[in-house]
Amino acid sequence: MERAYRAALACLPEMNPLSLPKLIRMAGGAEELWRTLRNGGEKAAALVGWEKERAWRTQCRETDPGLLLESLARAGIRVIIPGEECLPAALWSIYDPPAVLFCSGRETPSGRPWVAIVGARKATGYGKRCAEHLAGELGRCGVVVVSGAAYGIDAQAHRGCLQAGGFTVAVLGCGIDRIYPPEHAGLLEAIKDRGCLLSEYPPGADPLPWRFPHRNRLIAGLCQAVLVVEATEKSGALITAEYALEEGREVLAVPGLIDNPLTRGTHSLIQSGAKLVASVEDILEELPPFDLPLQVTGEPAGEDVEPALFPASGSRESVLLEILREGPATLDVLARLTGEPAGPLLETLTGLHLKGWICQEPGGKYVLAPRFGA
Amino acid sequence: MYAKVDSCSILGMEVIRVEVEVNTSGNLPGIYMVGLPDAAVRESYRRIKAAIANSELPFPRQLITVNLAPAHLRKEGSYFDLPIALAMLSVCGCIDPASLRGRLVVGELALNGEVRGVRGSLAMALWAKRRGWKEILVPVDNLSEAAILEGIKVVGVKDLRQSLDYLLGKPVPQPELRWRQEEAHLPCLSEVKGQLYAKRALEVAAAGGHNILFIGPPGSGKSMLAERLPGILPPLTSDEVLEVSSIHSIAGLLDPEQPLSSRPPFRAPHHSISHVGLVGGGKNFPRPGEITLSHRGVLFLDELPEFRRDALEVLRQPLETGWVSISRSLVSTTFPARFLLVAGMNPCPCGFLGDSVRACSCPPGRIRNYYARISGPLLDRIDLQVEVSRLTPRELVELPDGERSEEVRERVIRAREIQYRRWGGDAVTNACVDISLLREACCLGEEEKRFLYLVAERLGFTARGFDRCLRVARTIADLAGREKVGVADLAEAVQYRSLERMWGSMFMQEVGHGAGL
């Protein structure tokens, strides 16, 4: 019943998940707290104030925690309470652990290390490439890859892990039945299908801005190590890294080009002691030893674009690819380095684009496609 | 007593003939003005009376009836001051009614008897010439504008007395006219350093008459590029010159030193413009808007998403048809509007998305909203979407000058000639020809079709984007002088659909890619 009461408490309107554990402690248990709130009066008001006492009293009287739990289960949503073994035990000992977590998707595999990959939403091709590659390698090794399902690095980390057939967990800043950002509907569905979604917010909760930094503490809390791929100085990824430091988790960072504004955050992390990650081994070294699974869960997702054969050396295509290996380039740069006119270059670029070798970024820049860079 | 003077007026973009009749009767002085005059015409009585008095000429002291025929059309403007005054003088016996025949007269009077300039004299002279008139009297201020036409006698008059002298057969001194022969210097394409992608796109736009959108951070040279487009467009043909000059004459924008210019017009209205300012309109008498003023030339809309939505939406129909029809309670009229649209916009609200130096500070949602301000139907009519990036100061100094405008224009003219020959009409370009004809003229082979399927599948092109690609590919082939459209042409054309490709990879794909997992 503890599970039902905690779920019902978290579902109260405007319940702050950060203060819920404290309320439960003060009331002497989730069931006690529920009773107090349902009875209302002085005792409840002393805990939550008169305003909420009134709102929640009615709500409590209309809700049956047992039925609520059943209806959640019918919707495919599991409720996880502190101490349960499906999540790493370290989560429950962070500074402000969640009172309850909502989960949908598969059962989490046990005995695996958890690693978070976080970074900028407006990542460059390089960042996405790194995130996808490293997440894929980690997934193949059986590491659970955790991220926040945001644009950019987050999404690419989830994708990389899923494509490698690994298990990935998305911790959301809204209810787990909400699709946010809306463009990620397909991705979230895929994660639910072959990994799982977690949230401390009740189903239906809106993606409010202040929820995301709080969510970041869970990402840090769940993992043994947090890998930052690309971040500006004020990035949310750095908040996650900070939580990780406070909770004694490893912080790792991927370096990049110094003229890219998105490396300022990661480089300052490295300067202050974060480990520089150049390959997946650099991450695995920091993790406690674990059994490498021979067969990873799930089957690798089929690639819709077959990696084309590398173009013959000396061809215009291979010349362009060699230049792009050095970093993103505009048509001007390509024309200067190859000495060819714009028309034929554009034609070749389309060919490379169609074969999946390159893609385009804002600013008219061409970059190597994520999956071929590494 | 009765007298008649022939005059004309402007209605929308058309010149209409107006017969000014004056009749005097009875002995009680007074005036009736009939024939649907607007305020400026009704007030002319006061000006005429003062002008005649100050020229020391007689004024009829009887009941005067002024009629402006045809009576059913509204008359506006101050064109009729001089004709009415001359008719009155004729009634008084100063002029022989026979000498008024066979001449058109227009002009506004000042109170001291001087004749002031009016708008549209070139258009009027052109109309008069085509209608077989032998002579037109215009204010001397408008002389250089109207007198450039051959085949009609244009006489400039300084004041009322001079016009009377002229009609009485006395010699009237005409000022010496000197027109500028050489075309004003147009900015040259070689002044834009680097930007090969954008310059190539500009060439394709000029060659095929395609509309073009530049996306780039502030200072990347979008306006510079746009201003250089008229310089690489083919010069206007003599018919087009007259058409364009008439429009500018009616709008009062003609350069009196060079009334007939073969350079295509270039207009760049500010983004606060209203939809009436853009397409034309007005309360009673529709006036041409910016799209008509840029007829046969270039309309540059910088900061496209900042334009008012209703102003942009009204562009859709003229972009398709090449003309705009304006209906008001009193008049409805049609303005020509075949222009080449060049639009500029930042890649995101802060302007620095994708910039190599400054990081963009916009959340993804805001960027999406920024692009959503330009409606899909409008974007569909812009064939070329090109990203422009900022050059570093070093590149600005070190890069060599590019091709000169003249060289590019040569190629553009050749490509245009091929198109005119193929479509069998003047000014029919790949951008505006019927799509079924275009598809036929592309003669796509099996290989090309396979390539297009691949593009549709991998890059998520829509059916519309497809047709746009085909048009652009046809132009690229024409520039190269190729009979058939090949894979190479199509591949280059794909590169000019920046928005589809870039946003395909940034946002749209996140849906497609995710769903594909």
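1. Let me start in chain B: F300(B) has V342(B), in β17(B), as its bridge partner. This is a predicted model, in which local features need pLDDT of at least 70, side-chain atom pairs count only at pLDDT 80 or more, and totals for chains, interfaces and linings use all residues. Residues are numbered from 1 along each chain as its sequence is written, with chains lettered from A and ligands numbered from 1 in the order in which they are written.

2. The two strands in question, β14 (298-301) and β17 (340-345) of chain B, run parallel and are joined by four bridges. Strands here are DSSP runs of E with at least two residues, helices are runs of H or I with at least four, and both are numbered from the N terminus. Strands count as paired if DSSP finds at least two bridges between them.

3. Contact means C-beta atoms, placed from the backbone, within 7 Å; angles run from 0 to 180 degrees between N-to-C directions, with axes fitted to C-alpha atoms, for helices over the stretch in contact.

4. Over in chain A, there is an open antiparallel sheet of three strands, in the order β10-β12-β11. Because β10 (329-330) and β11 (358-361) of chain A each have a single partner strand, one side of each is left without a neighbour in the sheet. Four bridges link β11(A) with β12 (365-368) of chain A, and Q360(A) stands opposite Y366(A) in β12(A). Helix α14 (316-325) of chain A lies across β10, β11 and β12 of chain A, at about 90 degrees to β12(A).

5. Which residues of helix α6 (65-74) of chain A are buried? They are P65(A), L69(A) and L72(A), where buried means 20 or more other C-beta atoms within 10 Å of the residue's own, exposed means 12 or fewer, partly exposed lies in between, and C-beta atoms are placed from the backbone. They cover an arc of only 60 degrees around the axis, so they sit on the same side of α6(A); the arc is taken from the directions from the helix axis to the C-beta atoms. On the other side, L67(A), E70(A), S71(A) and R74(A) are exposed.

Definitions and conventions:
Contact = placed C-beta atoms within 7 Å.
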